[in-house]
Amino acid sequence: MKQKKVLIISLIAPILLAGCFLFALSAKADEDNGNFTVSLVNPSEINNGSSRAVTITGTGFTSITKVAIYDKNFGVVEKESNLTPLVSNFVNDTEITATIPAGTLAGQYDLWVYENLIDSYYVKYDAFQVNSEVSADNSIFYVSNSKSAKAKVNVTYKGVVFSKKKWVKARVNGKNIPILKLTRSGNESTVRLNLNYRKWQAGDYDLVLKYKNRIHQRYVKKNKFKYRTVWETGTITSENIFSILKQPTL
């Protein structure tokens with residue numbers, strides 16, 4: 001099943017780097033504070049259904065160089081524990097490989113290459129995109145004009161956490177699809193759809209899911225850390241997730 005990438009739009013909070021208070025903008029130049037550079041992360045877009053290795057190209061790498069990722073939705077990098085470390089392998093002074101684990105939250109990530117966060121790090125902003133793997137427990141139906149042409153379908157999104165059912169909207173074939181239930185398990189969310197496919201033509205159909213979440217961001221004010229609530233909004237389009245087939249002939 002093909003996937004269009006997850007589009008996540010969110011407010012950006014201030015970011016603290018190396019003890020200096022800097023305010024993040026929507027478009028930022030990479031942060032260089034040491035002997036590293038990062039020129040390329042390949043691939044720059046991955047699905048989170050399974051672990052995936054990426055190759056980091058740059059300069060100044062050593063056997064003690066660390067690699068981590070950061071989800072900017074959480075606002076401020078105050079210390080190393082705010083980062084998510086990756087299992088990495090030093091290849092040479094211009095190349096490191098690192099593994100993005102399965103189930104990583106969908107979104108856009110900054111990449112940190114560092115030895116410490118004071119005077120030896122490099123941050124490549126918006127280094128790569130993680131897309132959600134989406135699966136449905138029932139995806140094939142038959143052309144029907146009957147009023148009973150309905151199905152309850154569970155669609156699971158890996159690496160996406162929906163807060164409330166009322167903040168999630170689904171559309172298929174240009175129609176709003178009722179969401180009966182929302183459940184969460186770890187970093188996975190499942191929505192139960194009431195799919196009415198009466199009079200749909202034979203073919204494949206996309207599922208477009210729009211959502212919003214309230215998230216808490218740290219920010220800096222007068223050299224103190226504070227918190228604020230902001231909205232994160234996103235759209236996930238899953239191509240050809242449902243198929244309507246012609247009725248089989250005897």
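First, a rule for our opening stop: a salt bridge is a side-chain nitrogen of Lys or Arg within 4 Å of a carboxyl oxygen of Asp or Glu. By that rule the count comes to two salt bridges. Before you click, note that this is a predicted model, where local features need pLDDT of at least 70 and side-chain atom pairs count only at pLDDT 80 or more, while totals for chains, interfaces and linings use all residues. Residues are numbered from 1 along each chain as its sequence is written, and side-chain values use heavy atoms, with hydrogens and water left out.

**Stop 1: the salt bridges**

Select D30 and K124, whose side chains meet in a salt bridge at 3.5 Å, N to O. D30 sits in the loop between β3 (20-22) and β4 (31-33) and K124 in strand β13, so the pair ties together parts that are 94 residues apart in sequence. (Strands are DSSP runs of E, at least two residues, numbered from the N terminus.) Buried or exposed, what is K124? K124 is buried, with a relative accessible area of 18%, while D30 counts as partly exposed at 28%. Here buried means under 20% relative accessible area, exposed over 50%, and partly exposed in between, with a 1.4 Å probe and protein chains only.

Now pick E133 and K158, which form a salt bridge at 3.6 Å, N to O. E133 is in the loop between β13 and β14 and K158 is in strand β16, so this pair links parts 25 residues apart in sequence.

**Stop 2: the sheet**

Stay with β16 and show its sheet: an open one of four strands, in the order β14-β16-β20-β19, with antiparallel pairing. β14 (134-136) and β19 (179-185) are at the edges with a single partner strand each, so one side of each has no neighbour in the sheet. Strands pair if DSSP finds at least two bridges between them; β16 (residues 150-158) and β20 (residues 188-196) pair over nine bridges.

**Stop 3: two single residues**

Go to S120 in strand β13 (residues 120-131). S120 is buried, at 9% relative accessible area. Leaving aside neighbours within four places in sequence, S120 is in contact (heavy atoms within 4.5 Å) with N33, G34, F36, Y114 and E115.

Finish at N89 in strand β10 (residues 87-92). N89 is partly exposed, at 44% relative accessibility. Beyond its neighbours within four places in sequence, N89 is in contact with I96 and T97.
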